Amino acid sequence: MAGGAARVLLAALLGVLPAAAERELRFRPPAEAPVRLFTEPELARYDGQQEGQPIYLAVKGVVFDVTSGKEFYGKGAPYNALVGKDSTRGVAKMSLDPADLTHDITGLTEEELKSLDDIFNNVYKAKYPIVGYTSRRILNEDGSPNLDFKPEDQPHFNIKDEF
């Protein structure tokens, strides 16, 4: 480990980092694959049916790599119906009904919305890496950019908590 990196790590462990260095460490994006935008057909390719292929699940327009939970999301697994799509409604309702496996949260109760936020934050964001976002979040139905899109204005979404 280079001398500068070792000093920063030691300072971080001892809790004596200067504020600027602490911010840099905390907000530095992971050195993994870049975050990407998924259309519905692209996301559908990651449905756990193909051996060796990553397994992706979207909740609230955020695409998570749930491959490490293959026993839950892989082919024939109990929650496989949720993957390869934005299953926000199904997660909120704790439902595997095909009619609920959609991004649409219209008509959900306060209790279901609270459940959605709890599962989103305490399960998906806590356990699985974010690999991208669904195009529906930032594009119009015709594929043109939604110039009015502001992540901070989206219901039940807080972008600062995602990074």
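Reader: Before we start, what should I know about the model and its numbering?

Author: Residues are numbered from 1 along each chain as its sequence is written, and in this predicted model local features need pLDDT of at least 70, side-chain atom pairs count only at pLDDT 80 or more, and totals for chains, interfaces and linings use all residues. Side-chain values use heavy atoms, with hydrogens and water left out.

Reader: Thanks! Which helices and strands does the chain have?

Author: Helices (H or I, at least four residues) and strands (E, at least two) are DSSP runs, numbered from the N terminus. Here there are six helices and four strands, and from the N terminus on they follow the order α-α-β-α-β-β-α-α-α-β.

Reader: How do I read the sheet, and in what order do the strands stand?

Author: Two strands pair if DSSP finds at least two bridges between them. In this model four strands make an open sheet, ordered 1-4-3-2, with mixed pairing. Strand 1 (36-38) and strand 2 (56-59) are the edge strands, each pairing on one side only.

Reader: How do strand 2 and strand 3 pair?

Author: Their pairing is antiparallel, over four bridges, with strand 3 covering residues 62-65. L57 stands opposite F64, and V59 is opposite V62. The two strands form a hairpin with two residues between them, and K60 in that turn has a positive phi of about 55 degrees.

Reader: Which way do the side chains of strand 2 point?

Author: In a regular strand the side chains alternate between the two faces of the sheet. In strand 2, Y56 and A58 point one way and L57 and V59 the other. All four are buried, where buried means under 20% relative accessible area, exposed over 50% and partly exposed in between (1.4 Å probe, protein chains only). For the chain of 163 residues, the buried share is 33%.

Reader: Which residues have the most contacts in the largest nonpolar core?

Author: A nonpolar core is a set of buried Ala, Val, Leu, Ile, Met, Phe, Trp, Tyr and Cys residues joined through side-chain atoms within 4.5 Å. The largest one has 20 residues, and L57, V59, F64, V66, Y73 and Y124 have the most contacts inside it. Strand 2, strand 3, helix 5 and helix 6 (110-127) each give two or more residues to this core. Helix 6 gives the most, with five residues.

Reader: Now to charges. How many salt bridges are there?

Author: Side chains of opposite charge can pair when their charged atoms come close. The cut-off for a salt bridge is a side-chain nitrogen of Lys or Arg within 4 Å of a carboxyl oxygen of Asp or Glu. The structure holds five. One joins E51 and K70, at 2.8 Å from N to O. E51 lies in the loop between helix 3 (40-44) and strand 2, and K70 in helix 4, so this pair ties together parts 19 residues apart in sequence.

Reader: Where do D118 and K114 lie?

Author: Both are in helix 6, four residues apart, about one turn of the helix. D118 is partly exposed at 34% relative accessibility, while K114 is exposed at 53%.
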